[in-house]
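Please read the following note with the sequence and the model open beside you. The points are numbered so that you can check them one at a time.

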Amino acid sequence: MQKNRIIANSSAWMKPLAAGLLLAVMAGCASQPQSGMQPVITDDQSTATTGTGDGSAQSQGLGTYGSGGAQGLNSGQNAGVSGMPGANPADADLLAKKRIFFDFDKSEIRKEYLSVLNAHAAYLVANPNVKLVLEGHCDQRGTREYNMALGERRGDSVQRYLTVQGVSPQQLEVVSYGEERPLMAGHSLDAYAKNRRVELSYR
């Protein structure tokens, strides 16, 4: 009788102890990393190249105008050819570049951008229903009126080059923003260089 009472008492405290141990083991297993599982990286987490005034930026959108930070510069120039059906995969790197930079107070296209414009021209010729807006921009020096005209001249310069390559004028539109939408805020030479540009904006 005494022995049966001891066994009953011991089983009463052993059940909660066993349950606690089981929970502790399960919690430890759940905290261990599972091998072979990689984090999912979405497009908005990918790293883009920071643009430079000499045109080595490889992006497309502006992010926040005038932010002056890396996000405003990085949020687009490396977007590739997604959203460009029919694009030649061999031209993907060139088509990803959608900013053409200019020298101070100039509207002449620099030689380093000819291959970029040739790739865009070939894409437009192969896709006659696609429209491209050429957005002209300037740095903050000069009057607002002068910069609006200079931005338009820069857009016109790119438009002329593309039409010579066979692009229909009906596919192209020039818009000047002058100094109103800087890519980089500030008054440094580097900021000025980044703001002297034409943006290629597909519609």
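What share of the contacts in the chain with a separation of 6 or more is accounted for by residues 24 or more positions apart?

1. Residues 24 or more positions apart account for 70% of the contacts in the chain with a separation of 6 or more, where a contact means heavy atoms within 4.5 Å. This is a predicted model, in which local features need pLDDT of at least 70 and side-chain atom pairs count only at pLDDT 80 or more, while totals for chains, interfaces and linings use all residues. Residues are numbered from 1 along each chain as its sequence is written, and side-chain values use heavy atoms, with hydrogens and water left out.

2. The chain has six helices and four strands, and, read along the sequence, these follow the pattern α-α-α-β-α-β-α-β-α-β. Helices (H or I, at least four residues) and strands (E, at least two) are DSSP runs numbered from the N terminus. Of the 203 residues in the chain, 34% are buried; buried means under 20% relative accessible area, exposed means over 50%, and partly exposed lies in between, with a 1.4 Å probe and protein chains only.

3. The largest nonpolar core has 24 residues, and those with the most contacts inside it are Leu-117, Leu-124, Leu-132, Leu-134, Val-158, Leu-162 and Leu-200. Two or more residues of this core come from each of β1 (99-101), α4 (114-126), β2 (132-137), α5 (144-164) and β4 (197-202), and α4 gives the most, with six residues. A nonpolar core is here a set of buried Ala, Val, Leu, Ile, Met, Phe, Trp, Tyr and Cys residues joined through side-chain atoms within 4.5 Å. If residues up to four places away in sequence are not counted, Leu-162 touches Leu-117, Ala-121, Leu-124, Leu-132, Leu-134, Val-167 and Leu-172.

4. How do α4 and α5 meet, and at what angle do their axes cross? The two axes come within 9 Å and cross at roughly 60°, which makes α4 oblique to α5. Axes are lines fitted to C-alpha atoms, for helices over the stretch in contact, and angles run from 0 to 180 degrees between N-to-C directions; those under 35 degrees count as roughly parallel, over 145 as roughly antiparallel, 65 to 115 as roughly perpendicular, and the rest as oblique. The contact is made by Leu-114, Leu-117, Asn-118, Ala-121 and Leu-124 of α4 together with Val-158, Tyr-161 and Leu-162 of α5.

5. Two aspartates in the loop between β1 and α4 deserve a look, namely Asp-103 and Asp-105. Asp-103 counts as partly exposed because its relative accessibility is 38%, and, leaving aside its neighbours within four places in sequence, Asp-103 is in contact with Arg-110, Arg-154 and Arg-196. Although Asp-103 and Arg-196 are 93 residues apart in sequence, their C-alpha atoms are 7.1 Å apart in space. Asp-105, at 36% relative accessibility, also counts as partly exposed. The phi of Asp-105 is near 60°, a positive value in a residue other than glycine. Most residues other than glycine have a negative phi.

6. Is Asn-127 buried or exposed? Asn-127, which lies in the loop between α4 and β2, is buried, because its relative accessible area is 17%. Not counting residues up to four places away in sequence, Asn-127 touches Pro-85, Gly-86 and Gln-171. Asn-127 and Ala-87 are 40 residues apart in sequence and 8.7 Å apart in space, C-alpha to C-alpha.

7. Finally, Glu-145 is found in helix α5 and is exposed, with a relative accessible area of 59%. The C-alpha atoms of Glu-145 and Gly-178, which are 33 residues apart along the chain, are separated by 8.0 Å.
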